[in-house]
Amino acid sequence: MSFEDLTFEELEENESLCQLLEDKISGMSNYFRSILGVEVPNEKMGIEKYSCRVELSFSTEKNYIYRNFEAKYLDDLLFAISCFNADIEGIADGEDDYDCIYLIKWANGEAQAITFEYSKTEEGKTALKFADESNEDVFIMCSDDAVQVMMDICQNKNITPLN
């Protein structure tokens, strides 16, 4: 399906839904500088997931970092964003706050999953810092969505099983 097959009203409705989601997300954290590339599922447009890219700033300097959020369901997307916010605010206090992970998609087609807990270690901080400096895509996802992405990556690679 191409965009030419959509009516103006369908495009306008999709844009309106994306704007509503963008408005909702922008109010979820004081660190979110801007919300980019918001998408909502749309069968006619071939979009299967909710997603967005968030520009974050932890200071008044222009040292922005970017985080991507992606989920099959809207509740999972909003949950991942709230978990991430609780983590950066330092107020994550329960197991539920850690049902999300960082997923780094490296340019070579590989991926690395890092739990929020592991992101507090030197190795985790180094991996995230390197990903930011290399402009790699860093996603924050609910664990279930991340497992599916990792499985898809493994299926696309020629993996040799161990004996």
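**Exercise 1.** Why does the span of helix 1 (residues 8-26) agree with its length?

*Solution.* Start with the count: helix 1 has 19 residues. Helices here are DSSP runs (H or I, at least four residues) and strands are too (E, at least two), numbered from the N terminus. Next, the expected span is 1.5 Å times one less than the number of residues, so helix 1 should span 27 Å. Last, check the ends: the end C-alpha atoms of helix 1 are 27 Å apart, which agrees.

Before going on, note that this is a predicted model, where local features need pLDDT of at least 70, side-chain atom pairs count only at pLDDT 80 or more, and totals for chains, interfaces and linings use all residues. Numbering runs from 1 along each chain as its sequence is written, and side-chain values use heavy atoms, with hydrogens and water left out.

**Exercise 2.** Work out which residues of helix 1 are buried, and how they are arranged.

*Solution.* Take the cut-offs: buried is under 20% relative accessible area, exposed is over 50%, and partly exposed is in between (1.4 Å probe, protein chains only). The arc is taken from the directions from the helix axis to the C-beta atoms. On the face turned away, helix 1 carries the exposed residues Phe8, Glu9, Glu13, Glu15 and Leu20. As for the cover over the buried residues of helix 1, it includes strand 1 (32-39), strand 2 and helix 2.

**Exercise 3.** Is Ser51 buried or exposed, and what is Ser51 in contact with?

*Solution.* First place it: Ser51 sits in strand 2 (residues 50-56). At 12% relative accessibility, Ser51 counts as buried. Then list its contacts (heavy atoms within 4.5 Å). Skipping neighbours within four places in sequence, Ser51 touches Gly37, Val38, Glu39, Phe69, Glu70 and Leu77.
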